[in-house]
Each structure stands twice: as C-alpha cells, then as structure tokens.
Amino acid sequence: MSGKKILMLVGEFSEEYEIFVFEQAMHAVGHTVHVVCPDKKAGDMIKTSLHDFEGHQTYTEKLGHDYYVNKTFSEVRPEEYDAVYVAGGRGPEYIRIDSRVQAIVRHFHEAGKPIFTICHGAQVLIAVDGVVRGKEVAALQYCEPEVTLAGGTYIDVPPDGAHVDGNLVSAKGWPGLAAFMRECLKVLGTEIRHGETVMADRAERSAA
C-alpha cells in the first residue's frame, strides 16, 4: 500500500506533543504529513505550547519547542490530501475563525474523507456547520458544551483513549496519542505487521 497524504492544521501555541509525535509517527510508517499554519510559509517558525495536568482545577501551560512548518499555507490544495488532522492546544481557538481553514475542513467533510482531531482541535470542526452534527466526538472536557451545541454527542474517553465514529477519529488530549494514532492508522487502511528481528537473528548466528 502506498503512503497517504495527511494535512495537519496548526496555529501558534498549538500543543507540542500533538504536532511532533503525530507527524514523526506517521512519517515512520510511510505516510506524508504536511503541517500548515495560516499565513505561514514552509520553513517559517511557530511557537508551540505544552499543557500539563498537575493537580490544579485546570491544566497549566508552558512554552514548547519551536516548530518549523513544512508546507506553505497558501499552496494547500485539499483535494490532494487523503485526510486532515487538527492538533489541539491554543491554536484552534483562533485558526477556527479563518475562512480559509473553514473551507479546508468543509472539503474533507463534504468529500467524506478521514478527519482526525484531538484535544481542543474539535473547536475547528465545530466552526464549520454540520461537521460534528450527529457525530460522536471526544475532546478535552472543556469542549463538551460546544460539541453538544453544534449537534454532536460528547464522548468522555479516558485520558489515554480515543474514539472512532465512521471516518472521524478523536481523543481527549496528548496522553491518548498512542490510542489515537492507532485508530487513525486503521481508518487510513494502514496495516503494521510484526515479524522477526533481523539484526537479533544475525547476532545470534554470529555468536554460534
């Protein structure tokens, strides 16, 4: 199976782990991920954030690593991609009001292509009428009222869990990245097989 092309939508202060971990894992299994931010060109830097859960009533926010986007936003042609992924963090709260971002999400919704969202990423989907209507959606718990008002059903998955509703894969936050990416790969039709470890076999033969 040839690799898929995934478009990742981010903004300034999107969640660090939800950018880096997703991108690198997808590249590791042969998919292509283009990461774009409104009005940024390939090679431009964005600041990322790191939300943590440290026993307070809500999460804390710290400055994450700098990230250099690998695709120019103005050059994006949604029809060239197999799936769209919206990273969480702070970015979604402002990129969701960008009509160009909304048009991208609308394309994937109307075309019936896979849509992946984690944490606050659901805010971007909610900004496009009809995307979450009738859908079961996992997100950070603070997004529950928005999901419900947009006609969706909020699913309270465990922090390390994920939820699938047709072509929509969603999760609560970065602690669920492993489960989330596993479900994304299934929706993409990616099969990972575990076989013999070649290097270990060679070492054993040499020792013999």
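Close-up 1. Cys184 has 0% relative accessibility and counts as buried (under 20% relative accessible area; exposed is over 50% and partly exposed lies in between, with a 1.4 Å probe and protein chains only). Searching the whole structure gives zero disulfides (pairs of cysteine sulfur atoms within 2.5 Å). Cys37 is in no disulfide either, its nearest cysteine sulfur being that of Cys119, 17 Å away. Cys37 is buried, at 1% relative accessible area.

**Close-up 2. The open sheet.** Here six strands line up as β3-β1-β8-β9-β13-β12, with mixed pairing (two strands pair if DSSP finds at least two bridges between them). At the edges, β3 (32-36) and β12 (163-165) each pair on one side only. From one strand to the next, the twist averages 20° (angles run from 0 to 180 degrees between N-to-C directions, with axes as lines fitted to C-alpha atoms, for helices over the stretch in contact). Strands are DSSP runs of E, at least two residues, and helices are runs of H or I, at least four, numbered from the N terminus.

**Close-up 3. β9 beside β13.** Strands β9 (residues 115-118) and β13 (residues 168-171) run parallel and are joined by four bridges. Look for Thr117, whose bridge partner in β13 is Ser170.

**Notes.** Residues are numbered from 1 along each chain as its sequence is written, and side-chain values use heavy atoms, without hydrogens and water. In this predicted model, local features need pLDDT of at least 70 and side-chain atom pairs count only at pLDDT 80 or more, while totals for chains, interfaces and linings use all residues.
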